Amino acid sequence: MKFNDMHVHTSSSPDADLPAVELCGMALEAGVETIGFVAHVDLHPSDYCYNGFSESDYLEELDLAESSGVRVLRGLEVGEPHIFMDKAESLFTESRYDFITGALHWIEDGLILDEAPFLHGDHREIVEKYYRETLKIVQYSSINILAHMGIFRRGMTRAGLAVDFDETILFPSLIREIFATMIHRGIALEVNTSGLRRPEKTTYPTAGVLRLYAELGGRRITLGSDTHKQENAFFGLSSGNSLIRSCGFTDYGIFVRSEYASCPLLGN
Ligand SMILES: [Zn+2]
Ligand SMILES: [Zn+2]
């Protein structure tokens, strides 16, 4: 088995604790041949990772991993890039990275990975806002990959809410517009498997959302485990691979120097 995992955090992210070189050693055992590393660049003042990014430390860490036998790709995960990209860009040198991933964690002062917004607010309204903000991200940010679309299911599950709804039925035109924009701008959709290790037991996005992306002509897909710690390293890649195949795709991809390159899914 050989996977390309495009969402792996190292100890350069304040909420993760494994050095890149150790992750590369573990990758060889887990059948991962390419790691797309990311570091959080979070500029929402209430975020746990706020201002926790040091480009020099991160790149030094990745340099050490280069000779490990695993292909190392250099990436960043920028939080709310439609709001903070200018500020974020002052903290990194774009030419040093293979890819930039955009992520939505916050809607105003609500962390949607957490239960709090869902305990006090109308959850349908929050989900709609999430997609409205996501549309702004794909319209206005210079990103290569949209991370973990639908990660509000984590917060909803924590709040005891059901997450087995289909947002392509609730907000069809909004989600179609997001995908049309991504396809037009060459932004890839990430299939993030971290929800498979959480009580909600689903990928972000769900299969239904991924099927709509395929139907609309979306072809750029990346697979990411969102690894933060040893116990969840590279979790769910095989299931993610099967899910992508079951939605009609034959390949997925990586970004090297901002260029998308496709690779066959396993099992072809
Ligand atoms: Zn994230
Ligand atoms: Zn992440």
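Let's begin at Ile112, which is found in the loop between β7 (110-111) and α4 (116-120). Those labels follow DSSP: helices are H or I runs of at least four residues, strands are E runs of at least two, and both are numbered from the N terminus. Before I go on, this is a predicted model, where local features need pLDDT of at least 70, side-chain atom pairs count only at pLDDT 80 or more, and totals for chains, interfaces and linings use all residues. Residues are numbered from 1 along each chain as its sequence is written, while chains are lettered from A and ligands numbered from 1 in the order in which they are written.

So, is Ile112 buried or exposed? Buried, because it has 23 other C-beta atoms within 10 Å. The rule is that 20 or more other C-beta atoms within 10 Å of a residue's own make it buried, 12 or fewer make it exposed, and anything in between is partly exposed, with C-beta atoms placed from the backbone.

Who does Ile112 touch? Skipping neighbours within four places in sequence, Ile112 is in contact with His105, Ile107, Pro117, Ile126, Tyr130, Ile151, Phe152 and Gly155. Contact here means C-beta atoms, placed from the backbone, that lie within 7 Å. As for Gly52, that residue is 60 residues from Ile112 in sequence and 20 Å away in space, C-alpha to C-alpha.

The arc is that of the directions from the helix axis to the C-beta atoms.

Ile137 and Val138 lead on to Leu146. Leaving aside neighbours within four places in sequence, Leu146 is in contact with Ile137 and Val138, and also with Gly102, Met182, Ile187, Leu189 and Glu190. Leu146 is also among the residues with the most contacts inside the largest nonpolar core, along with Ile35, Phe37 and Ile145, and that core has 70 residues. A nonpolar core is a set of buried Ala, Val, Leu, Ile, Met, Phe, Trp, Tyr and Cys residues joined through C-beta atoms within 7 Å. In soluble globular proteins, nonpolar side chains tend to be buried together.

Now look at α1. In this helix, residues 20-30, the buried ones are Ala20, Leu23, Cys24 and Ala27. Their arc around the axis is only 105 degrees, which puts them on the same side of α1. They pack against β1 (3-9), β2 (32-38) and α2 (55-65). The face turned away carries the exposed residues Leu28 and Glu29. Just after α1, Gly31 takes a positive phi of about 75 degrees.

Next, some backbone details. Which two residues does a cis peptide bond join? Tyr204 and Pro205, with omega about 5 degrees. Pro205 is in the loop between β9 (188-192) and α9 (207-215). Then there's Asp226, which is not a glycine but has a positive phi of about 55 degrees. Asp226 is in the loop between β10 (221-224) and α10 (237-246), and counts as buried because 26 other C-beta atoms lie within 10 Å.

Our last stop is the hairpin formed by β11 and β12, with two residues between them; Arg257 in the turn has a positive phi of about 50 degrees. Six bridges join these antiparallel strands, and strands pair if DSSP finds at least two bridges between them. Ile254, for instance, has Ala261 in β12 as its bridge partner. Ser258, in the loop between β11 (251-256) and β12, has a positive phi of about 70 degrees although it is not a glycine. Pro264 lies in β12 (residues 259-264) and counts as exposed, because it has 10 C-beta neighbours inside 10 Å.

Stepping back, the protein chain has ten helices and twelve strands, and 45% of its 268 residues count as buried.

Note on methods: Two residues are in contact if their C-beta atoms, placed from the backbone, lie within 7 Å.
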